[in-house]
Amino acid sequence: MPPRRGQSNQSNQGSIWFIRFFAFVWNSFLIIIIGSLFTKSGTSPHWGMILFMIPFVAVGVFMTVMSFRPKMLLGIPDNVSGVPTLEYEGKSGAKHELKPSSTPAKNLGLSVFFCLFWNGIVGAFVYFVIRDWMQGHHQWFLILFLIPFVLIGLLILYGVFHSFLSLFNPRTSLSLSSNMLKPGQDVTVRWSFKGNAERIENLKITLQGREEAVYTRGTSTYTDKNVFMTIPIFETKSKSTLKKGSASLKLPDGIMPSFEAQHNKIIWSIHVQGEIPKWPDIQDEYNISIFPLGQNEIRAIKDSEKFTGRLGFNKHEDGDVDEDEDDDSEGGYAGNSFKRR
Amino acid sequence: MLEIVLKDDKKRFLPFEVIEGKIKYDLSRPSNEITVDLVWTTMGKGTTDNYRADSSVISTMGSNRGEGNFRLNAPAGPYSFSGKLISIIWMISCGTENDKEIAEKEIVISPVGREVVV
């Protein structure tokens, strides 16, 4: 008989301790290897080897830090009930400055780290191949084997360059008239750009809802995403209205509020896309929380249901849970105007 | 054997609504109590997440056979949901001590009268 559902996931503790143990073993090996480079009597340290070890040390430090921040490492939300709470959203109803889910500087830092790690390892092999080549040993098989890795390294290097150029893009600032967003609510979205916004040729602001599912196959973890709704908020090519402005947005009734569990999420986000000719485009994402309806709104639905019976709560159940006949594929009340992907 | 019987055979509830029902039991092994939980669980492509939103305990008084009432409070959310990757399923789940015998009944918690479909 399968275990009952509804208990907290207990497997996390095992994963956390495995990561801590792995970080300990990794770092122990590194200390032994680096120590041996310095303690060989009568020889100076091999600086090429020390440089080669830098990415491995960085990984060791990263694992150590993250093993003591397990929630961040395993993506465990603070709020296991899955429903967003106001503690994380500030004062209820207040004007709400949004923070981008990533910044150009953060993207650059990550791409530089990955570039150093990848090209550090590949570079060491390339160094040995070149050294052998100059000594007359032509290792054709190793050269052919390394070509795809070098090409990937060059692509990563291009990514670093791209991220660097993005640093000089105009910076978006986005705010909402309320931080307590609920299905059916009207909200004003305000935006402004710092920097040379004249370079932007086309600005598009959209609200997007997507599902995210994290799953494990073998030893790898994958995240699948599916955008289920895109609502246009604003689009312009006019330079005069582009730099600063506001637009109103009506959240459709009957939409699914934000949901965040450890492996499954419903994420709502506002996307700002600015096209800049011959330059990396602006691609900013701002996650927002859409809350479930409160008791007053539910009471209003209940009262209206007493008279109309439209939602079928008072119908006699025939044993079939999903029995609705008027299958409205928009997933909510009638009269919503939104675009689905 | 455990059987979950919901009041008026109702299976669709609004958030914040009180879910009432009774557990009929005819146990093969004695159990002092039966725990009734209101839980959500995810189904679909992702690894399963679940959460117990409310719980109620029925005392059997040592009897192997009988029935007991329960009351559970539906929370604000999440709503019952059906997507391409994720489904969120609400259910009433009950079990004896050490979960030797269990029973589950799927319900819908949503303000739109059915699961939110995308």
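How many bridges join β4(A) to strand β5 (residues 220-236) of chain A? There are 15 bridges between β4(A) and β5(A), and the two strands run antiparallel.

## Basis of the model

This is a predicted model, in which local features need pLDDT of at least 70 and side-chain atom pairs count only at pLDDT 80 or more, while totals for chains, interfaces and linings use all residues. Residues are numbered from 1 along each chain as its sequence is written, chains are lettered from A and ligands numbered from 1 in the order in which they are written, and side-chain values use heavy atoms, with hydrogens and water left out.

## Strand β4 of chain A

Strand β4 of chain A (residues 202-217) is mostly covered, with 13 of its 16 residues buried (under 20% relative accessible area with a 1.4 Å probe, counting protein chains only; exposed is over 50%, and partly exposed lies in between). Strands here are DSSP runs of E with at least two residues, and helices are runs of H or I with at least four, both numbered from the N terminus; two strands pair if DSSP finds at least two bridges between them.

Twelve bridges join β4(A) to the antiparallel strand β8 (residues 264-275) of chain A, where Ile270(A) stands opposite Leu207(A).

## Strand β4 of chain B

In chain B, strand β4 (residues 33-44) is also mostly covered, since nine of its twelve residues are buried. Nine bridges join β4(B) to the antiparallel strand β5 (residues 50-59), with Thr41(B) opposite Asn50(B), and a hairpin of five residues connects the two strands. Eleven bridges join β4(B) to β8(B), again antiparallel, and Val39(B) has Met91(B) as its bridge partner there.

## An exposed residue

Leu144(A) is found in helix α5 (residues 140-166) of chain A, and this leucine counts as exposed because its relative accessibility is 58%.
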